[in-house]
Amino acid sequence: MSSSAPAAETWLLENGNIKPLSKEMRHGHGRSYSRTAHNVSSSSLRKKSDLTLVRKVPCAVIRDVLANVQEVIFGTKLFVLFIAIPFAILAHNKNFGSSWVFGLSLLGLTPLAERVSFLTEQIAFFTGPTVGGLLNATCGNATELIIAIFALIQHKVDVVKYSLLGSILSNLLLVLGTSLFCGGIANLNKEQKYDRKQSDVNSLLLLLGLLCHVLPLMFRYAGVGESAAITAEATLQLSRVSCIVMLIAYIGYLAFQLWTHRQFFDSQTEENEDDDLVEEEAVLGFWSAFAWLVGMTLIIALLSEYVVGTIESASDSWGISVSFISVILLPIVGNAAEHAGAVIFAFKNKLDISLGVALGSATQIAMFVVPLCVIVAWIVGVRMDLDFNLLETGSLALAIIVTAFTLQDGTSHYIKGLVLLLCYIVIGACFFVTNKPQTQPNGVNLVSSTEGITRV
């Protein structure tokens, strides 16, 4: 910390009073906490709270509550979207229409996703780098995971597959493409460079995940002459084994990221420490942050239930296919805060953070959320496999391959981002015009496999 700014200390809200957070507490008893690219990116949409009026409240309990509300609710530039949450609940209880419930729930999820990132970062200040890293790895895509679990409970396997596929595509093509394009336009006279080591690791994991998706699809088409029931059962078993392999790979990735090669992932945020010094301060106590995190998670669960329960009705009302809503709209709105942060840092010529957000999130969904959903479906008795059908798997394969080629030389310019964006537009248009009935002769099946409808 610079000596020229003695007032820039780390503070802690405790009993409504502003207290300096000791170095030992700040670094988890001597273990420094390194912020991930997701944390740094999300911090770009936060704002420093003015607690002058709060400190004048005489009652310590009320002062503590108001200080926490000030930091958690009004500490983000997206706080105006919180008003959508009570309106979504009201629309659901008063039967205003499924499309209203769906739209308001999506808007309400936008600030909640950013606040979960903020709260996990606050907790990580007290738990140290290892637990903090694991917490970020688990909660980094909490919105997608909760929506997927509720969809599985309601046997909407197609919504799960489409939403997770859309999250991967949006990160690889939309977020990364927008970041490279905007960064290239804003820095026309500079050669934008980034560290290839992290992108190489993420690309390898994404290719492994792609292999686990392609094999069940190829296996189904290779067994055309066999009984459909036998082929479907074998495909399901292959998918479950592949998911176990993917989870093992993700655990290895966490060990690589948090322990053995941590310097690969720390280096991308070191140069931003001075710029984001205020955001590195812990402003909540551990138990306050934990309580807020539990509350935010419960609200996300409630809104996710609304989203899953009304997606078909919203599709009929808006005249848009469920596939387009799940692949395009859900990921864009649900992760708008994180995506905006990635683009902002690309404008600042800090591509390592932008790449860390896009590739890190895509890797987490592909190698953790997707296989975890298959395992959870296995546990609850829902037949979900990794066969995402030909169109969906082909889109995923092309997105991963194009992204890998784009990042192979360690430099960037706006034309790379433009190509990625155009790829996303073409894929989005494909899902927009796709409005197939529940069974099609090309093997696409939008009905939950639990209903016993076999592919032709």
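This is a predicted model: local features need pLDDT of at least 70, side-chain atom pairs count only at pLDDT 80 or more; totals for chains, interfaces and linings use all residues.
In soluble globular proteins, nonpolar side chains tend to be buried together.

Charged side chains come next, with seven salt bridges counted in the model. One of them joins Glu 312 and Lys 156, whose closest N and O atoms are 3.0 Å apart. Glu 312 belongs to helix α11 (residues 286-318) and Lys 156 to the loop between α6 (142-153) and α7 (157-186), so this pair ties together parts that are 156 residues apart in sequence. Lys 156 is buried because its relative accessible area, 13%, is under the 20% limit, whereas Glu 312, at 29% relative accessibility, counts as partly exposed.

Another salt bridge, between Arg 383 and Glu 233, has its closest N and O atoms 3.1 Å apart. This pair also links distant parts of the chain, 150 residues apart: Arg 383 sits in the loop between α14 and α15, and Glu 233 in helix α9 (residues 228-260). Arg 383 counts as partly exposed at 31% relative accessibility, and Glu 233 counts as partly exposed at 34%.

A local pairing is found in helix α8 (residues 196-222), where Asp 200 and Arg 196 lie four residues apart, about one turn of the helix. Their side chains meet in a salt bridge at 3.6 Å, N to O. Asp 200 is partly exposed at 33% relative accessibility, as is Arg 196 at 34%.

Thr 406 lies in helix α15, which covers residues 390-406. With a relative accessibility of 10%, Thr 406 counts as buried. A polar atom of the Thr 406 side chain lies 2.7 Å from the backbone oxygen of Val 402. Not counting residues up to four places away in sequence, Thr 406 touches Leu 180, Tyr 194, Lys 416 and Leu 420.

Finally, the surface has a nonpolar patch of about 550 Å², made by Ile 83, Phe 87, Leu 90, Phe 96 and Trp 100. Among these residues, Ile 83 is located in the loop between α3 (60-72) and α4 (84-93).

Technical notes: Residues are numbered from 1 along each chain as its sequence is written. Side-chain values use heavy atoms; hydrogens and water are left out. Patches are made of residues with over 30% relative accessible area and no salt bridge: like charges are joined within 9 Å, nonpolar side chains (Val, Leu, Ile, Met, Phe, Trp, Tyr) within 5 Å. Accessible areas come from the Shrake-Rupley method with a 1.4 Å probe; for residues, only the protein chains shown count as cover. A salt bridge is a side-chain nitrogen of Lys or Arg within 4 Å of a carboxyl oxygen of Asp or Glu. Helices (H or I, at least four residues) and strands (E, at least two) are DSSP runs, numbered from the N terminus. Buried means under 20% relative accessible area, exposed over 50%, partly exposed in between (1.4 Å probe, protein chains only). A polar contact is a pair of N or O atoms within 3.5 Å; within protein, one must be able to donate a hydrogen and the other to accept it, and residues adjacent in sequence count only if both atoms are side-chain atoms. Contact means heavy atoms within 4.5 Å.
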